[in-house]
Each structure stands twice: as C-alpha cells, then as structure tokens.
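This report describes one protein chain for a reader who has not seen it before.

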Amino acid sequence: MSTSSPSNSPQDNVKPADYRDVFAARQSYTQHTDPCEQAAKASLTCMDLNDYNRDKCMEFFQAYRDCKKAWLEQRREDRRAGRPTPV
C-alpha cells in the first residue's frame, strides 16, 4: 500500500521551534523534550505511507538532522552568550 509523501514538505521542518518556548510549554522537563518533534513525526509518517522504504523518505530524514543541528547550535550560542537554558 504505497502512497505519495505526506502533504507537507520536508523543508517545512528544517527550522526547529524555539527550544525555550517548547520547554516552557511542557509541564515537566525531560531529556526527551524535542523542539524537532514535528520533523521526527513527519519522517515517521513518510515511512508509514511508503511501506518503510527509506529511499523515499531521505529528504525527511535530512530535514530532521538539519533541525537537530540548528537546535543544538542555538543552545550552544545561548550558553556562550550567558543566557540561561531550561535544560
């Protein structure tokens, strides 16, 4: 049952949500709080829709990696600037 990719573009998920806002919205902080959660879900949805054919979802995986990289860089910059980070 193979269908096309999810309606949203992988590039929609490259930029992470502001992690401070994501963490502030949670009731409790855990190591699993992830500002790139949308990108992760989009890649899993792509896998579901394409019968787990990784080759058809590579753009979604790359978008998730790019999002994670941007998030970690954002946290590094905040620490360097002396801004408090919630985690």
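The protein chain has three helices and zero strands. Read from the N terminus, its elements follow the order α-α-α. The chain is 87 residues long, and 29% of these residues count as buried. Among contacts between residues at least 6 apart in sequence, 68% join residues at least 24 apart.

**Confidence**

The model is predicted. The mean pLDDT of the protein chain is 80, with 72% of its residues at 70 or more. Among the elements, α2 has the highest mean pLDDT (94), while α1 has the lowest (67). Residues 1-7 have a pLDDT below 50, and beyond near neighbours in sequence this stretch makes 20 contacts in the model. Where pLDDT is low, the predicted coordinates should not be read in detail.

**Helix α2**

Helix α2 covers residues 37-49. At 1.5 Å a residue, its 13 residues should span 18 Å, and the distance of 18 Å between its end C-alpha atoms agrees with this. Which residues of α2 are buried? They are Ala39, Ala42, Ser43, Cys46 and Met47. Seen down the axis of α2, these buried residues fall within an arc of 140°, so they line one face of the helix. An α-helix has 3.6 residues a turn, so residues three or four places apart point the same way. Gln38 and Leu44, on the other side of α2, are exposed. The cover over the buried residues of α2 includes α3.

Alanine 40 also belongs to helix α2. Its relative accessibility is 22%, so alanine 40 counts as partly exposed; the cut-off for buried is under 20%. Alanine 40 and phenylalanine 61 lie 21 residues apart in sequence, and their C-alpha atoms are 7.9 Å apart in space. Just after α2, aspartate 51 has a positive phi of about 50°.

**Helix α3**

Helix α3 covers residues 58-80. Its 23 residues, at 1.5 Å each, should span 33 Å, and its end C-alpha atoms are 33 Å apart, which agrees. The buried residues of α3 are Phe60, Phe61, Ala63, Cys67, Trp71, Arg75 and Asp78. Just after α3, glycine 82 takes a positive phi of about 80°.

**Disulfides**

How many disulfides does a search of the whole structure find? The search finds two. They are set out below.

| Disulfide | S to S distance |
|---|---|
| cysteine 36 to cysteine 67 | 2.1 Å |
| cysteine 46 to cysteine 57 | 2.1 Å |

With the bonded cysteines numbered in sequence order, the pairing is 1-4, 2-3.

A disulfide joins cysteine 36 to cysteine 67. This pair links distant parts of the chain, 31 residues apart: cysteine 36 sits in the loop between α1 (19-25) and α2, and cysteine 67 in helix α3. The torsion about the S-S bond of cysteine 36 and cysteine 67 is about -95°, so this disulfide is left-handed. Cysteine 36 and cysteine 67 are both buried.

The other disulfide is between cysteine 46 and cysteine 57. Cysteine 46 is in helix α2 and cysteine 57 in the loop between α2 and α3, so the pair ties together parts that are 11 residues apart in sequence. For cysteine 46 and cysteine 57 the S-S torsion is also about -95°, so the disulfide is left-handed. Are these two cysteines buried or exposed? Cysteine 46 has a relative accessible area of 0% and is buried. Cysteine 57 is likewise buried, with a relative accessible area of 0%.

**The nonpolar core**

The largest nonpolar core has six residues: Ala42, Cys46, Met47, Cys57, Phe60 and Phe61. Helices α2 and α3 each supply at least two residues of this core. Which helix gives the largest share? The largest share comes from α2, with three residues. Two members of the core, Cys46 and Cys57, are joined to each other by a disulfide. Leaving out residues up to four places away in sequence, cysteine 57 touches Cys46, Met47 and Asn50.

Definitions and conventions:
Residues numbered from 1 in each chain as written. Predicted model: local features only at pLDDT ≥ 70, side-chain atom pairs only at ≥ 80, totals over all residues. Heavy atoms only, no water. Core = buried A, V, L, I, M, F, W, Y, C linked by side-chain atoms within 4.5 Å. Buried < 20%, exposed > 50% of the residue type's maximum accessible area, 1.4 Å probe, protein only. Helix = DSSP H or I, 4+ residues; strand = E, 2+ residues; numbered from the N terminus. Contact = heavy atoms within 4.5 Å. Disulfide = S-S within 2.5 Å. Expected span 1.5 Å × (residues − 1). pLDDT = per-residue confidence, 0-100. Arc of directions from axis to C-beta.
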